[in-house]
Amino acid sequence: MGRLAIWFRRPAREWLEALPVGNGLLGAMVFGGVPLERIQVNEKTVWSGCSYNLERPDAREHVERARKLLFEGRYCEAEELVRNHVTVWPPGRHSYEMLCNVYLEFSDARDLVYSVREYSRGLDLEEAVAWVEYAAGQRRHRREVFASFADKVLVARIESSGRDLNLSVSAERRSAEVSAEGDTILLRGHALCACHGAGVELAAALKVLAEGGSVEARGRGLHVRGAERVTLLLAGATSYWARDPLRACRDAVERAASMSYGELRRRHVERYRELFGRVELYLGEGRDDLPTDERVEAVRRGLEDPALEALYFQFGRYLLISSSFPGSPLPANLQGIWADGYAPPWNSDYHLNINLEMNYWPAEVASLPECHEPLFDFLDRLRERGRETAGNVYGCPGFVAHHTTDAWFFTSPESEPVWGMWAMGGAWLTLHAWEHYLFSGDEEFLRRRAYPALRGAAEFLLCYLTEDPRTGHLVTGPSNSPENLFRVGGCVASLSMGPAMDLEITYEVLYAFVKASEILGLDPELRERAKRALERLAPLQIGSDGRLMEWPEEFEEVEPGHRHQSHLFALYPGRQISPVRTPELAEAARRVLEERLRHGGGSTGWSRAWMTSLYARLLDGEKAHECLLELLRRFTLPNLLDLHPPRIFQIDGNLGGCAGIAEMLLQSHDGAIHLLPALPSSWRSGYVRGLRARGGFVVDIYWREGRLEKAVIRSTIGGVCRVRYREPVKVEGAEPAPEGAANPLLEPPPPPKYVARARLSASRPKLYEVAFKTGAGRSYVVAPAEA
């Protein structure tokens, strides 16, 4: 094809083969049918349910009892106590739902279907436009579909050559009313609710513009006769954000109808390219002359296609833009914005123990910081509800959120302790706001958005931390290591005091709060409390087998190949463990990964994506690439969407994989901008342009035969830049930084304390650094010193 495109030689046979378009509010899956086209449509705020509070009135008292039991080693009793008296069981599930299906039936297509030739359908990632094209009889037929970023409508263009066309809108919900009047189909209804009353009120309007023909209403649909070209304009809205959803839809399609198709398309592409066009990636030649399903199958058979890996990276960026465009009313959910039916897997909600965070791992490094904004808006609302839960369940100030939430900002500990008794979800999300500051250096954002969130998380954590009577250290709990289980005392349990991931998130959040407080000159007393707590926090532990310990004791694991690698948070996405500063902890983390994989770990797309970044942080390009290939071979559908076993689309694998590729090429979490830290041998020569690094830097990197050729570093805010590479490098035209000078936006937290039950042989990698002063708006060329 010669472009960044996903394409096929046949229509989609099922939803999992269709192609996604979206603009942050509307999403659609385009099937590319010939006699009958289906376009399945989502609107991001079509949610069942409503806001509700389910905390148990005596939860706080039982949390204290559970802590006492856990300190006494009575794990089975504590598990039962929490299940019966702390976690809650919602009376019904709140769920994301689709908006409707749009069907296009061509009157002559059934006669021509057997004469179709030269068929192709695809998704152009450079323009965010899906297409269907084929020849039949003496005619060529073409359709285009896009979700306009500029005008907030779904647009479909049909080059029909005088063919008749029937259009209908279907919503298989009891509340739906569909009607047609003039050139428009209207949908009214509300989402379902399993608890009390209706969900959101919803509406859609589909307006049809025919050139050279006519449009008339027939029953609840529309009939187009004799048109050369047809443009469809669809808007969707709900009461979640619109006072009158139907009026909002009518207004949107009428505004769009005042513009030509060419103008609508131009505005859409220009707005999209403002974000997508910032990054280019070339990893080597591939078979872009083959349809994407054949390329994926070839990779499964062991063939190399580095261009497909680059396409996968850019598809991840496309998905994040399309599901979390700035101004979106909600962040990207488990399926981004694309979900079929009315009961998608896991309600297509927001899981806070890895999945929502993974959705946004590429936002900063892949030059899409604006796409982070819907998550920050969501966090602001989550904090409001989370303050109630913090007080009701733990008697603490600040805010808390547990392992899952939804469009109604649910924050209670829910269902089984192995999932729900985990109070780190809100705290983890605040680190995304801190990272946004580290990448941008925007103190106004820090003051206005990041600091209030960090302060609220710190207030909660300082109250939630409890002194371990056996050691005097501060620990969290009762808490799980997300979704994992251990055997102890004749039972299977999940809860302990001070699981490693809790300690790591707490360390990172309190450190971020301290630094933000110092920068802004705010809350000195709370800052001092946080510093004292950091000193007393329980250390990480290396077990007798040399692995980083997941729990405070060396429990027998129920599932040694568990999909979560929660206790490796400190390695990635955290910034506490690195081969450069903490080689023994890095080796202990490596052994965790090896043991997980030996027992079948990495068994989901998102788990493999996480492993890609974890190995990249260990500076192991071959292992990182091996995990990326496994992600493509085992957990990727023919349309490149992530496949969660048994056969479920989940977007986190796509976005985590995108972040993993970036992490292999550029890292900036560990005190310096590290060029090509985990470059695999199969990416022999290539380039990447436009990745972002902490400290306000934009980086282009070029390499040949596995060796850096040059890097161009552009500073947006000035300051010291420290560059790291495996060979000595030089910087052209830059003033050296003073000895010991550092950029605070690049500096990681101090290494965490740890206790080792087994000593490991680990050495620091041999790397070279150069530090220089930069000016805002200036570019600097870095090259091998011998060049």
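The largest cavity holds about 330 Å³ of space. A cavity here is a set of points, on a 1 Å grid over the protein atoms alone, where a 1.4 Å probe fits but cannot get out; its volume is the space filled by probe spheres set on the points. The model is predicted, so local features need pLDDT of at least 70 and side-chain atom pairs count only at pLDDT 80 or more, while totals for chains, interfaces and linings use all residues. Residues are numbered from 1 along each chain as its sequence is written, and side-chain values use heavy atoms, without hydrogens and water.

Across the whole structure, 8 cavities of 30 Å³ or more are found. The lining of the largest one (residues with an atom within 4 Å of a point) comprises 24 residues, with Trp361, Glu435, Tyr572, Pro573 and Arg694 nearest its centre. Helix 12 gives the largest share of this lining, 6 residues. Helices (H or I, at least four residues) and strands (E, at least two) are DSSP runs.

Elsewhere, 7 strands form an open antiparallel sheet in the order 2-3-4-5-10-15-14. Strands pair if DSSP finds at least two bridges between them. Strand 2 (19–22) and strand 14 (214–218) are the edges; each has a single partner strand, so one side of each lacks a neighbour in the sheet. Within the sheet, strand 3 (residues 26–30) and strand 4 (residues 36–43) run antiparallel and are joined by 5 bridges. Valine 30 has isoleucine 39 of strand 4 as its bridge partner.

How values were computed. 1 Å grid on protein atoms, 1.4 Å probe; cavity = no way out; pocket = protein on both sides within 12 Å on 5 of 7 lines; lining within 4 Å.
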